[in-house]
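Have a look at the structure first, then read on.

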Amino acid sequence: MIFKNATIKDLNALIKIEQASFCQKDDPLSRRAMSYHLKLNRIIGAYQEDELLGYILIIPNKIARIYSLAISPKARGLNIATKLIEKALKENANLRLEVRKDNVIAINLYEKLGFTCKGIKKRFYPDGCDSKIYQKLANSPYM
Ligand SMILES: CC(C)(COP(=O)(O)OP(=O)(O)OC[C@H]1O[C@@H](n2cnc3c(N)ncnc32)[C@H](O)[C@@H]1OP(=O)(O)O)[C@@H](O)C(=O)NCCC(=O)NCCS
């Protein structure tokens, strides 16, 4: 498995993973938004023999934001998201994200990696679901 910056050539594959991973209620990224973030080099892809299997989109800042993360359904449960987040943590000392309150799988993933819940944004998603804000700061314990 190789982890590297995604490029505009990956746009179709990224949109395919996005559509397989998020419904309208999750507010998925549009093609235009994805291509904007690609041009700013904000997306790291996980590749197996040139096939894109997942991605993480990071918006850099003092506390950088995991803006999106998704793994192709056929490649889930193989630690790819874990490795993408670990790579993002090497490049960004501090990370923060929002996750749907009912996304138990993603919440398990973030808690396993030592992220802690810092608050809730009420009715953050289009269907009225709350989000939980998770963050991991430099020097916080890694489980
Ligand atoms: C959430 C998601 C990114 C996880 O990707 P993944 O590569 O399958 O995750 P990993 O294999 O690295 O799993 C890491 C941890 O996540 C949790 N996890 C993964 N799959 C799980 C499942 N089916 N049930 C419960 N917990 C699960 C576990 O804590 C797991 O650690 P463990 O293997 O030690 O038990 C993936 O399921 C996905 O793309 N979901 C749809 C999009 C999404 O929800 N993105 C996150 C938005 S905030």
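Let's start inside the sheet: G119 has I133 as its bridge partner in strand 7. Bear in mind that this is a predicted model, where local features need pLDDT of at least 70, side-chain atom pairs count only at pLDDT 80 or more, and totals for chains, interfaces and linings use all residues. Residues are numbered from 1 along each chain as its sequence is written, and side-chain values use heavy atoms, with hydrogens and water left out.

**The sheet**

- Seven strands form an open sheet with mixed pairing, in the order 1-2-3-4-5-7-6. Strands here are DSSP runs of E with at least two residues, helices are runs of H or I with at least four, and both are numbered from the N terminus; two strands pair if DSSP finds at least two bridges between them.
- The edges belong to strand 1 (2-5) and strand 6 (116-121); each has a single partner strand, so one side of each lacks a neighbour in the sheet.
- From one strand to the next, the twist averages 30°. For angles, axes are lines fitted to C-alpha atoms (for helices, over the stretch in contact), and values run from 0 to 180 degrees between N-to-C directions.
- Helix 3 (residues 80-91) packs on the sheet, touching strand 1, strand 2 (43-48), strand 3 (51-59), strand 4 (64-71), strand 5 (95-100) and strand 7. Its direction makes about 40° with that of strand 3, and contact means heavy atoms within 4.5 Å.

**Strand 7 and its partners**

- Strand 7 (residues 131-136) runs antiparallel to strand 6, with five bridges joining the two. I120 is bridged to K132 there.
- Strand 5 also pairs with strand 7 in the antiparallel sense, over six bridges, and R100 stands opposite S131.
- Six of the six residues of strand 7 are buried, so the strand is largely enclosed by the rest of the structure. Buried means under 20% relative accessible area, exposed over 50%, and partly exposed in between (1.4 Å probe, protein chains only).
- Both faces of strand 7 are covered, with S131, I133 and Q135 on one side and K132, Y134 and K136 on the other.
- S131 counts as buried at 0% relative accessibility. Leaving aside neighbours within four places in sequence, its contacts include E98, V99, G119 and F124.

**Strands 4 and 5**

- Strand 4 and strand 5 run parallel and are joined by three bridges, with A64 partnered by L95.
- Five of the six residues of strand 5 are buried, so this strand too is largely enclosed by the rest of the structure.

**The largest pocket**

- About 1,100 Å³ of space lies in the largest pocket.
- Its lining has 38 residues, of which F22, L69, N103, A106 and Y110 lie nearest the centre.
- Two or more lining residues come from each of helix 1 (11-21), strand 4, helix 3, strand 5 and helix 4 (104-112). Strand 4 gives the largest share, seven residues.
- On a 1 Å grid over the protein atoms alone, a pocket is an open set of points with protein on both sides within 12 Å along at least five of seven lines, and lining residues have an atom within 4 Å of a point.

**Helix 2**

- H37 lies in helix 2 (residues 31-39) and is buried, with a relative accessible area of 6%.
- Not counting residues up to four places away in sequence, H37 touches L29, R42, I43, L57, I59 and Y67.

Terms used:
On a 1 Å grid over the protein atoms alone, a cavity is a set of points where a 1.4 Å probe fits but cannot get out, and a pocket is an open set with protein on both sides within 12 Å along at least five of seven lines; lining residues have an atom within 4 Å of a point. Grid points are joined across faces, edges and corners, and a volume is the space filled by probe spheres set on the points.
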